[in-house]
Amino acid sequence: MAHAVIMPVKSKMEYRYIPLPIQTLFTEIVKSQKYRKILFGGAAGVSKSHGLRWLAHSLCLAMPGFKVLLLRRTYKQLENSHIQPSISEAELLGGHYSGSSMGHSNSVTYGNGSSLKFGHCEKSTDASNYLSDEYDLILFDEETTFEESQIVLIGSRARTSRPGWRPMTAGGTNPGGISAQYCLSHFINKNPDPQKYPYYDPEDYIYIAGTLDDNPYLNIDYEKSLDDLPAELREAYRFGNWNIFPGQYWKEFSAKVHTDLVEVPKEIERFCSMDWGYTAPGVCLWWACLSDGKFYIEDEYIFHETIASEVAREIKRRNTARGITVRYVAADPAMWAKGGQTGESIAETMRKAGLYGMRPAKNDRVIGWQRVRHLLKKDHDDVAWLRINPKKCPYLCRTFPYQISDKSDPEDMDTTGEDHALDALRYGAMSRPQPTMLEKGPRRAPREAVKGRIGELIYQLQDEAARNK
């Protein structure tokens, strides 16, 4: 009741809005001024959108001259969720709604000079429409539907000289969407890419999880309708599960199954796979070919705005420091392109810098993703053909599970996401289309024939495995 909105009607006061307990928690966290970034997420039906708009109303009524920006991704969504309700709410609150049929300059102004502006970002470039303004509070409704760059750029407009108020952004969302990885890494796991966000402070971020039980006014049939959804939609919308969401491309990936800490002898065969990037991040992965035919991604190198010769020298330096030999580097085929020019290609520059064994990777995306799916399968010993070192490969592990399907081609992965490590993985998978299996039975070379070679090590590992059983 402390956060209810009460307005005079004739000779008495009437309640216009009484928040649910979960909405009260959200409101109190905003008013506490402890955080710069707040995410109100979880299951569908928690009344997140309603809570965002009425938070804006209540703050604008309480503080003269207060400025709020409330956004949805498309104008149609904005109109249905917020503009239409606000037309009648403004009158009840003693304010005035103004807008245009084109979706520009839609806002509510209040008697004390405060304002609530409505906005949308249907195109990637629409974020620039809001960069010249300043707001005390910016609200993203269904935050994961916005592009990461839009969230970051528009969020930078949360700045004010208002005494006693810390400007902030807050959002409401269900799991899934193009910015699910951004929300998960910043608000829940609190482990964003340190190169991309070097000044990230986890103390600035907080996540409020809502469930269906937080809204006692839901019709029982609404809950049943969520239970009828396909598995991934049900997990996201019914239970607020961030690890399974609509459009998820890699449903097979599991940190429990596909990450492990494995000590790999230096003598084991290795190769690398690389996705090139200068403005966008580039990634190099180290693959170890284990004696049982499985693969282990034991290291990663993420580079950004680094010239090709320096990338080559860093890869060589890591190989030398670990005392390992890399058989070849399956690299982005674009590195061999010259674009009709006479200058040397990126691949040629790397070779001149001493990175030998480079070969252009096969670039069929759909077939490549299928090869990766095969490697994610388990063998008869219930161990996946591909495992990853979670300590040495945080970027790959973080970005792997949150890729989404391409809307126009569900067989392919959406290229607008942070897919650089996955592209490097695909190049590696396509370079070795079948795991290297050990020969068995009489075809195996006798021990004396492999003495002093890699085969002797394989025999030793097999003997040790048999003893451990």
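Analyst: Let's start with Thr144. Leaving out residues up to four places away in sequence, Thr144 touches Thr173, Asn174, Gly176, Gly177, Ile178, Ser179, Ala180, Cys183 and Trp242 (contact means heavy atoms within 4.5 Å).

Before going on, a quick note on what you're looking at. This is a predicted model, where local features need pLDDT of at least 70 and side-chain atom pairs count only at pLDDT 80 or more, while totals for chains, interfaces and linings use all residues. Residues are numbered from 1 along each chain as its sequence is written, and side-chain values use heavy atoms, with hydrogens and water left out.

Back to our spot: Thr144 sits in the loop between strand E8 (137-141) and helix H4 (148-155). Helices (H or I, at least four residues) and strands (E, at least two) are DSSP runs, numbered from the N terminus. With a relative accessible area of 2%, Thr144 is buried; buried means under 20%, exposed over 50%, and partly exposed in between, using a 1.4 Å probe and protein chains only.

Now for some rings. Trp250 and Trp369 make an edge-to-face aromatic pair, with 5.7 Å from centre to centre and 80° between the planes. Rings of Phe, Tyr and Trp (its six-membered ring) pair if their centres lie within 6.5 Å; planes under 30 degrees apart are stacked, over 60 edge-to-face, and the rest tilted. Trp250 belongs to the loop between helix H7 (231-237) and helix H8 (255-258) and Trp369 to helix H11, so the pair ties together parts 119 residues apart in sequence. Both Trp250 and Trp369 are buried. They also share one aromatic cluster with Tyr249, Phe253 and Phe400.

The axes of H11 (residues 365-376) and H13 (residues 420-431) come within 8 Å and cross at roughly 80°. Those axes are lines fitted to C-alpha atoms, for helices over the stretch in contact, and angles run from 0 to 180 degrees between N-to-C directions. H11 and H13 are therefore roughly perpendicular; that label covers 65 to 115 degrees, with under 35 roughly parallel, over 145 roughly antiparallel and the rest oblique. On the H11 side, the residues that meet H13 include Trp369, Val372 and Leu375, and those on the H13 side include Leu422, Leu425 and Met430.
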